[in-house]
Amino acid sequence: IAMDRARSRGRRKGIESAPETTVFHGKVFKDYQDRTYMYPPHELKGGTPPDHKCYIPKKCIHTWGGHAKAVNRIEFFPKTGHLLLSGSMDHTAKLWSVHGQRTLLRTYKGHSGAVRDVNFNYDGSKFMTCSYDRYVKLWDTEYGKCISRHTSGKLPYCVRIHPSEEKQFECLVGQGNKLIVQWDMRADEITQNYDEHLANVNTVTFVDEGRRFISTSDDKKVFVWEYGIPVVMKHISEPDMNSMPAVAVHPNGKWWIGQSLDNTIRVYTCGTRFKENLRKIFKGHLNAGYACQLGFSPDGKFVISGDGRGRCFFWDWKTSKVFKRLQCHDKVCIGAAWHPVLPSRVATCSWDGTIKYWD
């Protein structure tokens with residue numbers, strides 16, 4: 001009987017990786033100074049200025065349409081924000097130029113399922129995608145080459161590369177089998193399993209300069225972990241809590257917010273206690289049933305979130321009142337991201353397949 005069981009275990013089908021290809025859509029790959037699109041424009045080079053004051057955008061200044069199906073996630077290039085990365089249900093990730101002509105620069109094809117999540121590393125030279133074909137892949141942003149591909153045979157829901165420069169080859173993947181796995185991408189092996197959740201893991205978010213991370217799940221619990229130690233440091237679980245399918249950390253690193261599925265955004269402290277701030281609750285949008293991406297303005301004065309009816313909401317961080325509603329898309333506005341340098345630029349993406357740029 002034991003031998004039969006072992007044989008049937010070995011018969012479980014191996015998951016084939018789709019072949020990786022890339023297409024460069026620009027006219028010239030290098031300019032007259034031998035620079036590629038990775039080189040940031042002069043005015044964005046300094047990164048976020050210290051006296052940065054943000055303003056709410058008013059009108060749509062550009063629409064990128066290149067994805068054949070819904071766009072799941074968008075992310076600006078770290079520090080300079082001159083490129084925008086998107087992952088879509090049409091099995092591809094695309095890189096767009098935010099500055100100048102605002103064209104499609106490159107398409108990364110390598111998944112046989114919808115791309116669920118994308119994430120840049122600390123300097124934007126590489127990024128990761130995770131997909132419903134059960135693969136997590138690391139890509140070179142500049143040349144479009146797939147550096148490594150990893151699968152544990154389970155469905156990945158989110159992927160995060162470690163934010164520090166020394167641990168660039170380590171990433172965390174939240175999976176559909178209740179596990180968070182830590183991959184060493186150089187050796188293609190799982191170095192740690194974080195096993196406490198009772199349902200699929202929706203988000204993994206690094207806090208405290210990568211020393212700790214927060215995980216949220218469909219079991220309506222929030223766990224705080226020390227990185228590398230598979231024992232929960234802090235459980236957050238209340239009887240009236242809802243599942244939080246999106247999380248963002250405040251630019252000063254002292255707070256984090258979670259998109260609670262009872263149409264609210266909840267605020268928690270970072271640091272040692274990770275306690276909920278009951279006086280700050282952001283309301284007004286309809287997010288029940290949708291994992292709408294949320295974020296902060298770079299100066300931390302505004303909270304931004306998409307909404308199930310295609311709107312984008314801006315709240316004042318101090319008073320937690322709705323500052324502005326923008327009707328952005330016809331379908332669900334699933335992603336919203338604030339530009340890291342330019343004070344009033346916001347990108348939104350939707351299930352209608354478009355990405356819009358607001359000023």
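Ring pairs join Tyr 194, Phe 206, Phe 213, Phe 223, Trp 225 and Tyr 227 into a cluster. The model is a predicted one, and a search through the whole of this structure returns 28 aromatic pairs.

Four strands form an open sheet in the order S15-S16-S17-S18, and their pairing is antiparallel. Its edge strands are S15, residues 201–207, and S18, residues 232–236, each of which pairs on one side only. On average, neighbouring strands of this sheet are turned by 20° against each other, with direction ignored. Phe 206 of the cluster falls within the residue range of S15. Strand S17 covers residues 222–226 and pairs with S18 in the antiparallel sense over four bridges. Within this pairing, Phe 223 stands opposite His 235 in S18. Phe 223 is also one of the residues that ring pairs link into the cluster.

A second open sheet has four strands in the order S19-S20-S21-S22, again with antiparallel pairing. Strand S19 (247–249) and strand S22 (276–283) are the edges, and each pairs on one side only. From one strand to the next, the twist averages 25°. S19 and strand S20, which spans residues 255–260, run antiparallel and are joined by three bridges. Ala 248 has Ile 257 in S20 as its bridge partner.

Two of the aromatic pairs can be followed in detail, out of the 28 found in the whole structure. The ring centres of Trp 256 and Tyr 268 are 4.6 Å apart and the planes stand at 15°; planes under 30 degrees apart count as stacked, so this pair is stacked. Trp 256 lies in strand S20 and Tyr 268 in strand S21 (residues 264–269), so the pair ties together parts that are twelve residues apart in sequence. Trp 256 is buried, its relative accessible area being 0%. Tyr 268 is buried as well, with a relative accessible area of 0%.

The rings of Phe 296 and Trp 317 have a centre distance of 5.4 Å and planes at 75°, so the pair is edge-to-face. This pair links distant parts of the chain, 21 residues apart: Phe 296 is in strand S23 (residues 294–296), while Trp 317 is in the loop between strand S25 (311–316) and strand S26 (322–327). Phe 296 has a relative accessibility of 11% and counts as buried. Trp 317 is buried too, at a relative accessible area of 10%.

Aromatic rings also take part in contacts with charged side chains. Lys 137 lies over the face of Tyr 135, at 5.4 Å from the ring centre. Arg 186 lies over the face of Phe 169, and here the distance from the ring centre is 3.4 Å.

The backbone has two points to note in loops. Most residues other than glycine have a negative phi. His 91, which is not a glycine, has a positive phi near 75°. His 91 lies in the loop between strand S4 (83–88) and strand S5 (92–97), and is partly exposed, with a relative accessible area of 30%. Asp 188 is not a glycine either, yet has a positive phi of about 55°. The loop that holds Asp 188 runs between strand S13 (179–184) and strand S14 (189–195). With 42% relative accessibility, Asp 188 counts as partly exposed.

Definitions and conventions
Residues numbered from 1 in each chain as written. Predicted model: local features only at pLDDT ≥ 70, side-chain atom pairs only at ≥ 80, totals over all residues. Heavy atoms only, no water. Pairing = 2+ DSSP bridges. Axes fitted to C-alpha atoms, helices over the stretch in contact; angles between N-to-C directions. Phe/Tyr/Trp six-rings, centres within 6.5 Å; stacked < 30°, edge-to-face > 60°. Buried < 20%, exposed > 50% of the residue type's maximum accessible area, 1.4 Å probe, protein only. Lys NZ or Arg CZ within 6 Å of the ring centre and 35° of its normal.
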